[in-house]
Amino acid sequence: MFEEETRRALDYVARGISVRIVGATGSGRSTVAKGIIAQLEKGGAEVYSLFGARLLRQSPLAGISTLALEMRARHTGPLGLADALAEQLAQRGSRIIVVDDIDLLDNESLAVIDIAQKRSQRPLVMTMDDSPIYPRNPGFSPERWPEAHIRLGPLRYDQVNKLVTQTLAAPADVDTTAHILMKSAGNPRLVVRMAQSGVLNKLLALSDGQWRMAGHTLWTPDLQGTVEALFHGLGPNELNALHTLSVLGTRTMKCLQTVVDASMLDRLEARGLVAVSEDVNGEICVAANPPLLVDYFRDRHMLSARRVLASRIENAVEMLSRPPEEGRHLTPSVAAVVGQLREEAGAGETLTGIHFQEQLREREEAHYALWESEPNMANASAFLKFYWGGPIDAGRIEKVFRRTSTAGARPEHHLVFAMTRALWSIVKGEETSVGAAILADYASIHPEWAPEAEAFALFLSASYDQMPDNPDAMFDELGKGHSNTGVLSVVRGMLEVYRFDGQSALKALDEADGFELAANIEPFVRGLALLVAGRLDEALVFSLNQRNISRRALDQFGFIANSYVAAMALTQRGFGLEADYMMSSVFALGRPGFLANSLHDAMLRLAGLRALTGSGKKISSLGTQARGDVADIGPLPGTGKGVFNLFAQRYGDPKAFDDKATELIEGQLSRGYVMEAAYTAVFTLCLLPSGEVLERAERLFKGKRVASHNQFLAIAAAVVENDYQLVGILLDQYEPDADLHAVSLLLTSASKRRLLERDKSSASSFQQLARAFDSRFPTPGPHVTLNIGTEQAQPLSSREAEVAILAGSHTNTEISARLRISLRTVENHISRALKKTGTNSRRSLYEHVRGSRNSQ
């Protein structure tokens, strides 16, 4: 963990810039500090490290004494120690001061560090709490310059999954990871302690290589000390306010005014112990943060030990739960939206996710209660809509299918019932013909709605089997003399997306008379159509807006589906970290139901592919959390497991990878899933370009008359032919388009492929082209590359290149003296340069670097 933060800090230090690392309690500040110290010492630097301690804060010079500075008789007190330290820092070589928890250091030690650092101008790396500046140690000097600022924020879903895997030596399943993320609010210390405590108390069980929760909670009394460490510095009134918030759950500011003082909430928010968000009505809601505090304060011991406070909270609950006069006649759906009976909350996306889940449960319960009181088709269809996106309760859904009366049912309600039942049959593992039979029965009862039923049956067959041979004729026949309710347009649009025809999909959607029965599906199909049509920015903006609308409307299917489109667009644009962050908010909701389940799996595989290609480390990928009992090929990118498995394997040579990739693309095309084949081809070209894949990509885009990728394909063709002179010409003529990030990846991967083929000269040429292109068109986020057993060629730093040139004719000792760096630093530079260039001797390293310089 924290590799990126450590790397940034080391880069600043190398330039002589001090670094301030801030984060909440348990955020990993000390871990980052230790990593920085280890890397600095490995590079030959002299590190002066000390730490602050709460219990020693009032002990003069307690912190600086750990340095054991040599003192002469005239050196006494803080000024004498500052002189001694400044003298040592002024000596030759790389010297850095690292202070962990500087805000807990005693004032005298702070003064020594401050004076010595300002005199010597050596970099100072410090970690501290992220509370506002006014409660900090008055001896701290905030005006230091130059100084870089690095903040350690909460972990995302993928980072929590990685940390749990590292802690327990095996990954957790989706629901366990989501639970730990929600409860910890992404706090690394809480993540680790919850995982360890869960195993210790047998609340987590290892099954099929994944840790799964044995019950519904991971709270145990063992975690009390970990939680109480978050309370350091809080007064009795603040603890009482936090206790009250934890018992009440998420409440609006208006509701809390009578029980918790606003100034108290402000102080708790400054400490990060209160999270604030907006509910669906735009009101400000407040909750205890992280949500594990709720479990702590609701522990039976805490509730029984504080009876007076508990009595006051009970009175507050009674007042807050009293319904307003105007709210007594609300429908169940509206009541579920405005109801704020939440038990837990978190920060940022975590809090939003908890709001989302709790309100969905409230609405589901209300609709289920309504159906139980009157099991007619209208109530059944309203209830079943939840399972298109939300987690499925198998017992309830079977009960609704058995007991719902069809007498007097309106056709549109009965259609939703029949479509859901057909989907449920597929989820249970039955053939698509079973779902088609269910829809045929409906069509016989409501012949005027038969086109909608037949269209949905066509959708099931196309999505779970293969594309029909002539869908255009089928839709033309279904639409004759029939008012378009939106179902036909949405299904036709979806199938056009499968066929990689975005314009036809948009045309089908625009011809609909309305989308009453497919209102939450139409934005998903439209976003995909914009993406396929090459209107990438429109697709990104549209899908993110629709994602926000779905969240406010408590539409989990819409939220997940539009997140999928946005993730695809963000990744294509090169905003991989933003895509990871956004997908984490989806993963934090746990496993969804029906159609959303396949999109959830697709995002797990997409995030997993980024992890696999972005790091060669053996960390379990998120893609392994996706369901394994699905086909290799799916209608949309990532819905099948074939692409993820293709990149997850290791190959002895590039040709083996090429064969697997072309076989997979041919299989996708044979099933009619052209969009998945197109994205597989482009992604494969970006990570390991080959002639076989290029040939299929060119044929595919030409056949679909897609011109938006012409520049990328032309550059890819020159790359495959190893004609880097033509590549240079094409790059000079390149006009930025939606494939800008893909071109950057292609150039990097071209060098990778040449290294695998042991063509170091060509690899060096493509490296130069890649560096020039990235300088001209900087892309956001780190590059990814396929790791199949050989390290990627990376450019040498200026110092590494300088050492490499000298290594051809000088010993390490001579280089050390000439460049005035330590012998250990010379050895590290040569080792890294050999690794980056793929050379195996000092002489070959010298010739490689000299050749690269002469060709520039």
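**Exercise 1. Find what covers the buried residues of helix α20, and which residues these are.**

Step 1. Among the elements that cover the buried residues of α20 are α19 (411–427) and α21 (450–464), where helices (H or I, at least four residues) and strands (E, at least two) are DSSP runs numbered from the N terminus. This is a predicted model, in which local features need pLDDT of at least 70 and side-chain atom pairs count only at pLDDT 80 or more, while totals for chains, interfaces and linings use all residues. Residues are numbered from 1 along each chain as its sequence is written, and side-chain values use heavy atoms, with hydrogens and water left out.

Step 2. The residues of α20 that count as buried are T432, G435, I438, L439, Y442 and A443; buried means under 20% relative accessible area, exposed over 50%, and partly exposed in between (1.4 Å probe, protein chains only).

Step 3. Seen down the axis of α20, these buried residues fall within an arc of 140 degrees, so they line one face of the helix; the arc is that of the directions from the helix axis to the C-beta atoms. On the other side of α20, the exposed residues are D441, S444 and I445.

**Exercise 2. Work out which residues of helix α39 are buried and what follows the helix.**

Step 1. In α39, which covers residues 812–819, the buried residues are N812, I815, S816 and L819. Because they cover an arc of only 100 degrees around the axis, they lie on the same side of α39.

Step 2. T813, A817 and R818 are exposed on the other side of α39, and the helix is followed by R820, which has a positive phi near 60 degrees.

**Exercise 3. Describe the place of A631 and its contacts.**

Step 1. A631 is in the loop between α29 (594–614) and α30 (642–648), and A631 is partly exposed, with a relative accessible area of 41%.

Step 2. Leaving aside neighbours within four places in sequence, A631 is in contact (heavy atoms within 4.5 Å) with G640 and K641.

**Exercise 4. State the mean pLDDT of the protein chain and where pLDDT stays under 50.**

Step 1. The mean pLDDT, the predictor's confidence in each residue from 0 to 100, is 82 for the protein chain, and 85% of its residues reach 70 or more.

Step 2. Over residues 133–139 pLDDT stays under 50, and the model has 16 contacts beyond four places in sequence for them. Where pLDDT is low, the predicted coordinates should not be read in detail.
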